Amino acid sequence: MPIVFILNGPNLNLLGVRDPSIYGRDTLGDIEERCTGRAAALGLEIDFRQTNHEGQLVDWIQEARESADGIVLNAGALTHTSVALLDALSAAELPVVEVHLSNIFRRENFRHHSYVSLAANGVICGLGAHGYELALEAIASLIEGESDEAAL
Ligand code: DQA
């Protein structure tokens, strides 16, 4: 079964209590549960993680390069600042779907730019926790497309 790393960055451990009017009431545990169900239906295995540390995310993306088939990433605020994450994602050479719970384009200007997007196949934002499930659907078809290409 293809393996997808679902990586979550700073402050996402506070979901459920942090600005629920922006991020909703689901906790990260709730989101993981939804992803587990969705992944099973799509025939994917997931590895769901969260860290508050940029270097840890870089390490996990490098690990994905070796042992995963795709990455779903909500890098939190690092989305808007981290060239290191962009470089790690580019080096990973894997399908990448960027997710944000909130619609970053309806928020402050500094959230409108994403370094992650420069290395992502697609971006899903503004759809809350459901966005993670949509990201898994997208990554499933990207992975399938790649294996179809490899078979040609
Ligand atoms: C976020 C959007 C970011 O701008 C913010 O810093 C976050 C969460 C989202 O999921 O909407 O921490 O990535």
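This is a predicted model: local features need pLDDT of at least 70, side-chain atom pairs count only at pLDDT 80 or more; totals for chains, interfaces and linings use all residues.
Glu137 and Arg38 form a salt bridge in which the closest N and O atoms are 2.4 Å apart. This pair links distant parts of the chain, since Glu137 belongs to helix H5 and Arg38 to helix H2, which covers residues 28-42. The two partners stand 99 residues apart. Glu137 counts as partly exposed, because its relative accessibility is 35%. Arg38 is likewise assigned to the partly exposed class, its relative accessibility being 26%.

Another salt bridge is formed by Arg49 and Asp47, whose closest N and O atoms are 2.9 Å apart. Is Arg49 buried or exposed? Its relative accessible area is 15%, so Arg49 is buried; the cut-off for this class is under 20%. Asp47, by contrast, counts as partly exposed, with a relative accessibility of 26%.

Attention may now turn to the aromatic side chains. How many aromatic pairs does a search of the whole structure find? The search finds 1 aromatic pair. Its members are Phe48 and Tyr132, and the pair is tilted, with 6.4 Å from centre to centre and 35° between the planes. Phe48 lies in strand E2, which comprises residues 45-50, and Tyr132 lies in helix H5, so the pair ties together parts that are 84 residues apart in sequence. Phe48 counts as buried, because its relative accessibility is 13%. Tyr132 is buried as well, at a relative accessibility of 1%.

Helix H5 returns in the description of the surface. A negative surface patch is formed by Asp69, Glu144, Glu146, Asp148 and Glu149. Among these residues, Glu149 lies in helix H5, which extends over residues 130-151. Why does Glu149 count as exposed? Its relative accessible area is 59%, and the exposed class begins over 50%.

The next part of the account concerns helix H3, which covers residues 54-67 and contains Gln62. At 47% relative accessibility, Gln62 counts as partly exposed. Gln62 and Ala92 are 30 residues apart along the chain, and their C-alpha atoms are separated by 6.5 Å. A second pair of C-alpha atoms may be set beside this one. Ala84 and Gly37 are 47 residues apart along the chain, with a separation of 32 Å between their C-alpha atoms. Ala84 is found in helix H4, and this helix consists of residues 83-92. The relative accessible area of Ala84 is 34%, so this residue is partly exposed.

Asn11 has a phi value near 75°, which is positive although the residue is not glycine. Where does Asn11 lie? Asn11 is placed in the loop between strand E1, residues 3-8, and helix H1, residues 20-23. With a relative accessible area of 33%, Asn11 is partly exposed. Glu93 also has a positive phi in a residue other than glycine, with a value near 50°. The loop that holds Glu93 runs between helix H4 and strand E4, the latter comprising residues 96-100. Glu93 is exposed, because its relative accessible area is 65%.

Technical notes. Residues are numbered from 1 along each chain as its sequence is written. Side-chain values use heavy atoms; hydrogens and water are left out. Patches are made of residues with over 30% relative accessible area and no salt bridge: like charges are joined within 9 Å, nonpolar side chains (Val, Leu, Ile, Met, Phe, Trp, Tyr) within 5 Å. Accessible areas come from the Shrake-Rupley method with a 1.4 Å probe; for residues, only the protein chains shown count as cover. A salt bridge is a side-chain nitrogen of Lys or Arg within 4 Å of a carboxyl oxygen of Asp or Glu. Lys and Arg count as positive and Asp and Glu as negative; His and the chain ends are not counted. The place of a charge is taken as NZ of Lys, CZ of Arg, CG of Asp or CD of Glu. Helices (H or I, at least four residues) and strands (E, at least two) are DSSP runs, numbered from the N terminus. Buried means under 20% relative accessible area, exposed over 50%, partly exposed in between (1.4 Å probe, protein chains only). Rings of Phe, Tyr and Trp (its six-membered ring) pair if their centres lie within 6.5 Å; planes under 30 degrees apart count as stacked, over 60 as edge-to-face and the rest as tilted.
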